[in-house]
Amino acid sequence: MINNARFITLEGSEGAGKTTALKTIKKILNIWGVDYICTREPGGEPNAEKIREILLHSEHLHAKTELLLMFAARNEHIENVIKPALNKGVWVVSDRFVDASYAYQGGGRELGYEVVKWMDDFIVGEVQADLTVLMDIEPEIGLQRIKSRGQADRIELEGIDFFHRLTKSYRDKAKLEPSKYAIIDASKSFKAVKLAIVSAFESKKQELM
Ligand SMILES: Nc1ncnc2c1ncn2[C@@H]1O[C@H](COP(=O)(O)OP(=O)(O)OP(=O)(O)O)[C@@H](O)[C@H]1O
Ligand SMILES: [Mg+2]
């Protein structure tokens, strides 16, 4: 924590409802009267958005290249967006952050927890989320939700085993530090998910504010 500004991250597999959840989180923070910015990964600033293009639309990338590019983009994002905001006392809400690397590169690409942890310590260091909202869902349901979205990106084209591995990695990561997480059953209706998010934020309010 830098000042009393808080860093909130949203995580979850494809189509879990992260971007939808962001709308609810914005409403909550508006009610709390908090000054905040919303950002996303991979991307969130110009250099990182260029790297995002390589990550999502290259024909092929080796797993280690993907890991390095993900953390290269993250470093630009941290240095140019996240740290400056937190230093000014502005809260940051990021649609995906480092847990996505534990899930996608560690689990999905099978590079393992340790190598991601090393990169996490090296690049993210102290800039860890105060609260991570994990939109937990069986990958089949999430993928079904985004099926009609049109052209799939490189990662969305992976087989189902990839998504099962990453879902497990997200859950395992959350188990390491349960108090830092709000795990939302994202398979429920829009309304039920929204209520679960509101309730999770209410129970964390004292700690965060
Ligand atoms: N609880 C829900 N029930 C049914 N459909 C939902 C629910 N939440 C979101 N959706 C729908 O599922 C799709 C994916 O939602 P959203 O874009 O919020 O997910 P996401 O996690 O941000 O996806 P991505 O991983 O692609 O960024 C959207 O069409 C959205 O309207
Ligand atoms: Mg999204």
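The entries below go from the sheet to the helices.

I note first that this is a predicted model, where local features need pLDDT of at least 70, side-chain atom pairs count only at pLDDT 80 or more, and totals for chains, interfaces and linings use all residues. Residues are numbered from 1 along each chain as its sequence is written, and chains are lettered from A and ligands numbered from 1 in the order in which they are written.

**Sheet.** I traced an open sheet of five parallel strands in the order β2-β3-β1-β4-β5. Strands (E, at least two residues) and helices (H or I, at least four) are DSSP runs, numbered from the N terminus; two strands pair if DSSP finds at least two bridges between them. At the edges I found β2 (36-40) and β5, each pairing on one side only. From one strand to the next the twist averages 15°. I then checked β4 and β5, which pair in the parallel sense over five bridges; Met135 has Ile184 in β5 as its bridge partner.

**Helices on the sheet.** I see α3 (63-87) packing on the sheet, where it touches β1 (7-12), β2 and β3 (91-95), and its direction makes about 155° with that of β3. Helix α7 (160-176) also packs on the sheet, touching β1, β4 and β5, at about 145° to the direction of β4. Contact means C-beta atoms, placed from the backbone, within 7 Å; angles run from 0 to 180 degrees between N-to-C directions, with axes fitted to C-alpha atoms, for helices over the stretch in contact.

Methods: Contact = placed C-beta atoms within 7 Å.
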